[in-house]
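Biologist: Could you walk me through this model? I would like to start with the aromatic side chains and then move on to other topics.
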Amino acid sequence: MDASVLRRPLAWGLALYAGALTACWESGLLRMRPPPDLDALRGRPAAVVEGTLLSGVTPKRPGNRYWLRAGPTRVLVYLKKERPEAAALRPGQRVRFVGRLRLPLSPRLPGGFDEKAFLDSRAASLVLHARAAEVLAPPRWWWLPRAWG
């Protein structure tokens with residue numbers, strides 16, 4: 001690489017910007033934290049969480065996976081596949097889930113799946129293992145193309 005690149009102010013600006021973002025990430029300033037009202041429900045066996053479904057169903061081993069926007073944060077929701085209401089859930093619907101909230105898990109073994117980093121990269125801060133779901137309102141008109149699929 002030619003040393004003339006280091007004489008350009010844009011190169012120095014980009015390097016400083018990248019360094020500042022890295023420092024903020026490592027210090028924890030950019031990490032998602034659960035809002036106090038949802039954090040207070042953590043660990044309770046029957047936590048009630050309301051929000052808007054952001055995604056359709058993704059089948060996973062713990063159950064069907066959904067992304068829920070609950071206030072300022074996102075919540076990763078697992079609902080058992082056997083539940084009858086799972087077939088009726090569509091993106092954009094206003095829903096209420098009842099279940100157990102928890103913080104994301106750190107990897108147990110070196111090189112294992114890091115649920116905390118996975119949720120941080122998707123702006124989510126909690127995981128809900130739902131036992132029941134209730135649709136409160138249908139999706140608004142701008143959600144309909146995603147809800148049909």
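Biologist: Is Phe-113 buried or exposed?

Modeller: Phe-113 is exposed, because its relative accessible area is 58%, where buried means under 20% relative accessible area, exposed over 50% and partly exposed in between, with a 1.4 Å probe and protein chains only. Please keep in mind that this is a predicted model, in which local features need pLDDT of at least 70 and side-chain atom pairs count only at pLDDT 80 or more, while totals for chains, interfaces and linings use all residues. Residues are numbered from 1 along each chain as its sequence is written, and side-chain values use heavy atoms, with hydrogens and water left out.

Biologist: OK, and how many aromatic pairs are there in the whole structure?

Modeller: The search finds two aromatic pairs, a pair being rings of Phe, Tyr and Trp (its six-membered ring) with centres within 6.5 Å, where planes under 30 degrees apart count as stacked, over 60 as edge-to-face and the rest as tilted. Trp-67 and Phe-118 have ring centres 6.0 Å apart and planes at 45°, so this pair is tilted. It links distant parts of the chain, since Trp-67 belongs to strand E3 (residues 63–70) and Phe-118 to helix H3 (residues 115–120), 51 residues apart; helices (H or I, at least four residues) and strands (E, at least two) are DSSP runs numbered from the N terminus.

Biologist: What about the rings of Phe-113 and Phe-118?

Modeller: Those rings have their centres 5.6 Å apart and their planes at 55°, so that pair is tilted as well. Trp-67, Phe-113 and Phe-118 form one aromatic cluster, in which Trp-67 and Phe-118 are both buried, whereas Phe-113 is exposed.

Biologist: Switching to the largest nonpolar core, which residues touch the most other members?

Modeller: Leu-68, Val-75, Phe-97 and Leu-101 do, out of 20 residues, a nonpolar core being a set of buried Ala, Val, Leu, Ile, Met, Phe, Trp, Tyr and Cys residues joined through side-chain atoms within 4.5 Å. At least two residues of this core come from each of E1 (47–53), E3, E4 (73–79), E5 (94–102) and E6 (124–137), and E6 gives the largest share, four residues.

Biologist: And the salt bridges, how many are found?

Modeller: There are four in the whole structure, each a side-chain nitrogen of Lys or Arg within 4 Å of a carboxyl oxygen of Asp or Glu. Arg-96 and Glu-134 meet in one of them at 3.0 Å, N to O, and this pair links strands E5 and E6 across 38 residues. Glu-50, Arg-96 and Glu-134 are linked in a network of salt bridges.

Biologist: Are Arg-102 and Glu-115 buried or exposed?

Modeller: Both are buried, and their side chains meet in a salt bridge of 2.8 Å, N to O. Arg-102 lies in strand E5 and Glu-115 in helix H3, so the pair ties together parts that are 13 residues apart in sequence.

Biologist: Last topic: which residues form the nonpolar patch on the surface?

Modeller: Tyr-17, Leu-21, Trp-25, Leu-29 and Leu-30 form that patch, with about 530 Å² of accessible area together. Patches are made of residues with over 30% relative accessible area and no salt bridge, like charges being joined within 9 Å and nonpolar side chains (Val, Leu, Ile, Met, Phe, Trp, Tyr) within 5 Å; the areas come from the Shrake-Rupley method with a 1.4 Å probe, and for residues only the protein chains shown count as cover. Tyr-17 is placed in helix H1 (residues 9–27), and just after H1, Gly-28 takes a positive phi of about 95°.
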